[in-house]
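Let's take a look at how this protein chain is put together. Keep the 3D view open as you read.

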Amino acid sequence: DRLIAVRETDGKQNILIATRDGQAICFPESNVRAMGRTAMGVKGIDLRPGDYAVGADVALPGRFVLTVTERGYGKRTPVELYPVQNRGGLGVKNYNITEKTGKIIGVKLSDGTEDLLLVTRNGVFIRTPVEQISQTGRSAQGVILMRFRDMASDKLSDKTGDKLSDENQDGLETESNGESVISMALAKPDGVPAPETPGVTESDGDLPPEILNLDSLKPEE
């Protein structure tokens with residue numbers, strides 16, 4: 001197992017977890033009791049055999065669940081379409097996975113003003129405004145976000161740091177070429193501030209004076 005996401009919240013939000021096989025669950029974070037740093041934690045979603053979580057985020061009202069597949073398909077779905085449940089269940093269908101779309105490589109919550117960045121295992125990069133991605137329901141196949149010259153060997157890859165499998169999964173074959181893998185990412189356009197989580201603010205008032213005073217970081221002559 002490995003850690004895939006860390007988010008700061010105010011203790012009153014809903015959390016969304018999504019899986020590679022197209023499931024997702026949304027539950028109140030109040031269902032998760034506070035515990036120590038080294039604790040194992042509690043189960044957020046019940047995984048079917050072979051499935052694993054690929055993304056988790058704070059499900060703020062008015063946001064969109066942005067889902068991207070390894071074959072370059074994606075969609076954005078209003079977070080309100082994901083019913084709030086108790087943690088630990090199988091969740092609901094988040095994506096209609098087919099041979100054409102491939103598996104899910106990442107899920108993020110978006111306010112619609114960001115740009116989506118995608119990189120393939122062969123180093124091809126694309127940046128597109130999230131607002132241009134069609135809004136669809138939870139079980140849709142989405143739209144093409146990125147086209148590849150060779151769909152069999154150039155698949156969008158996840159951020160696990162592992163090589164993609166050579167095995168045929170759902171009729172999709174790919175060859176591991178040793179490249180590092182890169183996840184989908186969201187970036188704000190120039191000049192637009194990043195959204196804040198309600199109740200969570202940043203302040204420099206508690207920082208030591210030596211950190212606030214950049215002159216103190218200069219080497220002595």
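The protein chain exposes about 12,800 Å², with carbon and sulfur atoms supplying 48% of that area (areas come from the Shrake-Rupley method with a 1.4 Å probe). Keep in mind that this is a predicted model, where local features need pLDDT of at least 70, side-chain atom pairs count only at pLDDT 80 or more, and totals for chains, interfaces and linings use all residues. Residues are numbered from 1 along each chain as its sequence is written, and side-chain values use heavy atoms, leaving out hydrogens and water.

Of the 221 residues in the protein chain, 38% are buried (under 20% relative accessible area, 1.4 Å probe, protein chains only). The chain holds 1 helix and 11 strands (DSSP runs: H or I of at least four residues for helices, E of at least two for strands).

Now for the inside. The largest nonpolar core has 15 residues, and L16, V65, Y82 and V107 touch the most other members. A core here is a set of buried Ala, Val, Leu, Ile, Met, Phe, Trp, Tyr and Cys residues joined through side-chain atoms within 4.5 Å.

| Element | Residue range |
|---|---|
| β1 | residues 14–19 |
| β2 | residues 23–28 |
| β7 | residues 104–110 |

β7 gives the most to this core, with 3 residues. A second, separate core of 10 residues includes L66, L116, L118 and L145.

What does V65 touch, not counting residues up to four places away in sequence? Its contacts (heavy atoms within 4.5 Å) include L16, Y82 and V107, along with K75 and R76.

How values were computed:
Buried means under 20% relative accessible area, exposed over 50%, partly exposed in between (1.4 Å probe, protein chains only).
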